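I will then walk through a few of its strands and helices.

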Amino acid sequence: MNKNSVLVKRAWLFTAIVLLAAVAALLLTTFLLDRTFARNDARDMALTRARMLAAVRADDARFDGRADVLQDEGGAYLLAQGGDVTEASDGAPALPGSAMALAAQLNGGEALLDFRDGMKEWACAMAPVGGDGAVIVVVPFAGGRAVPCVLLGLGAAVLISLLLFAPLSEKLLGGIVKPLAALRDTASAVAEGNLDLRADENAPDEIGEVGASLNRVSTQLSRNMYQLILERNRLRNMLDGLSEGIVAIDRAGQITHTNPALERLFTRQKPVQHWPDPRMKVVPDASVWEDFDQVIKSGETLTRSLDVRDMNLKLTITPIVDELGAIVGAVGLFSDVTQQERLERTRREYVSNVSHELRTPLTAMRALIEPLKEGMVTREEDRQRYYDIILREVMRLSRLINDQLELSRLQSGTLAIEKSRVSLDDLIYDVCERYRTIAEEHGLALQVQEDLDRLPTVWTNADRVEQLLIILLDNAIKYTPEGSVAISGTWDDEKVTLSVKDTGVGIEEDELPYIFDRFYKVDKAHSGQGSGLGLSIASELLKRMGEDIWVTSEAGHGTEFSFTLHREETEH
């Protein structure tokens, strides 16, 4: 048993208090009994002496107050018939008036009274002496005879009680302190996070009930902690898995949580050695943190756009409110809406481009049909020329609509592409023969790789490959004012790569990511020929065939388009 236990100390203190109270009560009782005994003894002694002196006086007329009966401290008096003192022993104290008054009224009887003379108390006894008066004897209170005996008995009782009570107390307190100490240790361990520890439920009485209650609390706390950890991990995984960046701060403005997406959004920011605000290391934009501080002060949600290099972000900051309605922080959501903005811009441009591509031939046809209708064209050769122009514009409209339909079918996945074994050399030579004259009309040289007959056979659709080459050759001739257009091919164990390279105007670097978009033209005025759908069709067509297409270009130094075709061996 731990001697330093507060419970043990209090138990021993309580025992000491009880013993002290018992001793005090016994001492008080002893004092009161001793006083009572002393008074009774003094009265009995005084009355006995008074009677003896009265008998002496009755037998012998001599009375000098020093009879043998006066062996202890005290005194004796002889009263006359009228109540006056006629004789007194040596050292007798002065009688008070009350004693004299009582003696005057004695009338042959005995009397007892007590009186105090300074700090001393006396017992006074009166006895009659025939017809000669009375005898008065005074005896002091002689206390203390019972105290030593009582103290001795008290000391023995206390000693015996301690000898008997100490082992019993040790056993009783041990039976209480040890289970309580075990409960304390268990509660401390649970508070420190050891939720698997359990208290002893078999302890007697209330201690066992407390142990059972503590075990229930530990079990419930363990379940709650498990649920909290599970929810925390689930929430953390959800936040970490979001593509939107998230940052949370507390009321003091300190960052409490970020997710990987936020770091990815701002990794391309130019690093700064010394930030005035440590939060700038996370989001290097002072206006963002001013918005966070404003939301915490006002308690209102804030939404605005944020441009970060080549990204367009949407920032939404929402205050965090506790169960009492107090604002305890804020959370910001950074959404990258660059793609959405680009898609919206593409949609607008698509509508504009379709309208432009449709309006141009329709306007031309209207300008030709109205004079024909009004009879303003009278010469037959002029009418034929008008008809030829109208026919070309109708065919242009037809090609535009067909290209749109084919591109839609490719993107929707409804267009079936059958593959077979194809020899590329014959296919390429046939396409080049048809376009050699067109290239010469534009003052260009069409060059073909000499060893194309060595190209391995591929597993593809010959018509679609021919369509791809036509699209690329059309674009190359259209955007090459002078120089040459070349077709080449390379291969490896898996695929063949065909390339169409020109020495034309080239493409700006910032336009390369959009070159395969619908209606995208390097010529922003759309003044050139074509619908702007050719490269989009080529990209979608190769995607449906499981192939790749890419472009490399430098403004003013030409462009090279390349696409892959898988070899027959890799398909079978």
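Let me begin with a definition: two strands pair if DSSP finds at least two bridges between them. Helices (H or I, at least four residues) and strands (E, at least two) are themselves DSSP runs, numbered from the N terminus. Please keep in mind that this is a predicted model, in which local features need pLDDT of at least 70 and side-chain atom pairs count only at pLDDT 80 or more, while totals for chains, interfaces and linings use all residues. Residues are numbered from 1 along each chain as its sequence is written, and side-chain values use heavy atoms, with hydrogens and water left out.

I will start with the open sheet, where five strands are arranged in the order β7-β6-β10-β9-β8 with antiparallel pairing. Its edge strands are β7, residues 255-258, and β8, residues 302-308, each of which pairs on one side only. On average, neighbouring strands in this sheet are turned by 20° against each other, direction ignored; here axes are lines fitted to C-alpha atoms, for helices over the stretch in contact, and angles run from 0 to 180 degrees between N-to-C directions.

Within that sheet, β6 (residues 245-250) pairs with β10 (residues 327-336) in the antiparallel sense over six bridges. D250 stands opposite G329 in β10, and G245 has F334 of β10 as its bridge partner. Helix α6, residues 286-298, packs on the sheet and touches β6, β7, β8, β9 and β10, its direction making about 140° with that of β10; contact here means heavy atoms within 4.5 Å.

On its other pairing, β6 joins β7 in the antiparallel sense over three bridges, and V247 stands opposite T258 in β7. The hairpin of β6 and β7 has four residues between the strands, and in that hairpin G253 takes a positive phi near 90°. Is β6 mostly covered or mostly uncovered? Five of its six residues are buried, where buried means under 20% relative accessible area, exposed over 50%, and partly exposed in between, with a 1.4 Å probe and protein chains only.

Let me turn to a pair of helices, α9 (residues 424-441) and α10 (residues 462-478), which pack at an angle of about 30° with their axes 10 Å apart. That makes α9 roughly parallel to α10, since angles under 35 degrees count as roughly parallel, over 145 as roughly antiparallel, 65 to 115 as roughly perpendicular and the rest as oblique. Among the residues that meet in this contact are L427 and V431 in α9, and V465 and L469 in α10.

Finally, consider strand β17, residues 559-566, of which seven of the eight residues are buried. It pairs in the antiparallel sense with β15, residues 495-502, over seven bridges, and with β16, residues 549-553, over five bridges, again in the antiparallel sense. S553 stands opposite T559 in β17, and in the hairpin of β16 and β17, with five residues between the strands, G556 takes a positive phi near 85°.

Which residue of β17 is the bridge partner of T497? That partner is T564. T497 itself lies in strand β15, and it counts as buried because its relative accessibility is 15%. Leaving aside neighbours within four places in sequence, T497 is in contact with residues including W550, S562, F563 and T564.
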